[in-house]
Every structure is written in C-alpha cells, then in structure tokens.
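Visitor: Could you walk me through a few features of this model?
Guide: Gladly; here it is.

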Amino acid sequence: MMPTLNIVLLLLISEDVIGLPCLTNESKEDFDKSRKALTVVQSDIVKVVNTLESNHQHTITALESALKNTVTIMENNVKKTTDVLKNNLGTFKTTLNSMGQKIKKLDNDFKETKWIKYDGHCYYYSPDASDWFTAERKCREIGGYLAKIDNDEEKNNMYSNANLKSYHYWIGLTDLKEGDFRWTYDQSKAKIKYWYPRYGSKGTGSNCVAAAYHDNKLKPLDANCASTNYRYICESNFYSIDVLKYMNSRQKIAWIEKGREGRVHDKLQDNF
Ligand SMILES: [Ca+2]
C-alpha cells in the first residue's frame, strides 16, 4: 500500500515538474531534495506500518496466550473445587452413615435396656454397681436421670422392682450442701421423714442417697458418693412414643407436662 502512495506522490510531483517550461539549477536542487525527503518519509511510513503490524500481531499473540493461561487456570480451579466438593461429599456421606449407625445403636441400646413402665414413666434397675456420679452419667447416657421419688406409689413401685434385699441403689438425691437434700432432676427440696435407721444425714462424708431395704420398705440411706458398691435406678419420663401418635398437639403438651411436672408438687413427696 505504501509503495503505491509513494509512486502517486512522485507522479504528482513529476507532473508539476514536467509541466514547468524549464528548471533552474536551484529549482532542480529543491526538487531533488523534496524527492529525497519524500522517499525518507515513505520509508519511515513503511517502517511505522510494519512496526504497527508487528506490534499488533505481538499484542494479539500475547492476548491469546494470556487468555489460554486464564482458561487453563480457571479449568484447574474448577477441577480443584470439584475435587474438594467430591471429597467433602464423601466425608459428609461417611459422617451421615456414622451418625445413622450411632442412632441405630442408641435405639437398640434403649430397646435392650430393660425399662419398666409405671404411671407414665419408665424405670431402669441397673445390674451393675458404680459410684454415684458414674451412675448419674450412665442414666443420662441411656436417656434418663437418676430416679426422683415423687410419692409413695412411685416409691412402692421401686420397692417391688428393685432387688433391695440384696442391693442398695443410688437415687438422684444429694446433700452437697450439708443437710439440704435436693433432687438432682429439678433441684427441688426433699423432706425425708423415714431414713434408714442410723443412716440419715450422715455428715459431710456422706452426701449421696441410696435406696435401701428396711422393714419391708424402701428407705433412703445417706452414703459416701464414691462408694462403688451400689447399683442405681434411672427414671425416664417417656415410655411410649406410640401414645403420642394418637394425640393432638394440645393433648401432647398436657401429657408431656404431666409426665415432667405432674408429680413434682405431689403432697405425698413429704412422706418419703
Ligand atoms: Ca419420679
């Protein structure tokens, strides 16, 4: 393109020159200078165009290369993210399976634990012995709490089911503040009238209460919490989920409240 421009310019100039009747030496020198200058300009323009074309190509190549790099980086990132998600999904699945197995085990443990139903609550009479704190933890682990005796009927039911003639059983009653006997379940104060003979409120060394046999009755016995000779009685407020299936929400709330709180303020509590 630029050589063509050069030729056109030269022709234009040549035409002007040819059109002149004659040239003085001075004019001819000017003409030669102009022609040389034009040649230089033409050469420069060609260089500039070549440079521009070269730079343009270089820029496009650089952009293409950058674009390719970016795409590669993005692809790698997507792959990494996908791998991380896949791994996390695997971990999530493993966790879910593990949780499912634990729930199943808990469910089986609960079913295998011989809970005895009575008056809307259930009771577990342990075959093993432990200190009071371990007993309290074990009751919680199986979904209950160390038993709270709310009234004489409940006490008599425990008397019927526990092997009291052979064993003492921890119950959820302590006097960690000396002489102030409170139920672990709700921290309510227990007023005990009939202690096991000579074992009522035995002092600061004996702060946990066990159920013991005396005179055909269950009687409380103040003992050393660290003693590992006693079994334990756990209590739970819910003995059948099936019962709840047939209740509307208002009935359910009333039933649950009765189970939880219904017997707490029972007047017979004072007779323990
Ligand atoms: Ca109770």
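Visitor: Where do Asp32 and Lys28 lie?
Guide: This is a predicted model, in which local features need pLDDT of at least 70, side-chain atom pairs count only at pLDDT 80 or more, and totals for chains, interfaces and linings use all residues. Residues are numbered from 1 along each chain as its sequence is written, and side-chain values use heavy atoms, leaving out hydrogens and water. Asp32 and Lys28 are 4 residues apart, about one turn of the helix, and helices are DSSP runs (H or I) of at least four residues, numbered from the N terminus. Both lie in helix α2 (residues 25-112).

Visitor: Which residues are linked with Asp32 in a network of salt bridges?
Guide: A salt bridge is a side-chain nitrogen of Lys or Arg within 4 Å of a carboxyl oxygen of Asp or Glu. Asp32 pairs with Lys28 at 3.7 Å between the closest N and O atoms, and with Arg35 at 3.4 Å, N to O. The network therefore joins Asp32 to Lys28 and Arg35.

Visitor: Is Lys148 buried or exposed?
Guide: Buried means under 20% relative accessible area, exposed over 50%, and partly exposed in between (1.4 Å probe, protein chains only). The relative accessibility of Lys148 is 1%, so Lys148 counts as buried.

Visitor: What is the relative accessibility of Asp150?
Guide: Asp150 forms a salt bridge with Lys148, the closest N and O atoms being 3.0 Å apart. Asp150 counts as buried because its relative accessibility is 4%.

Note on methods. Helices (H or I, at least four residues) and strands (E, at least two) are DSSP runs, numbered from the N terminus.
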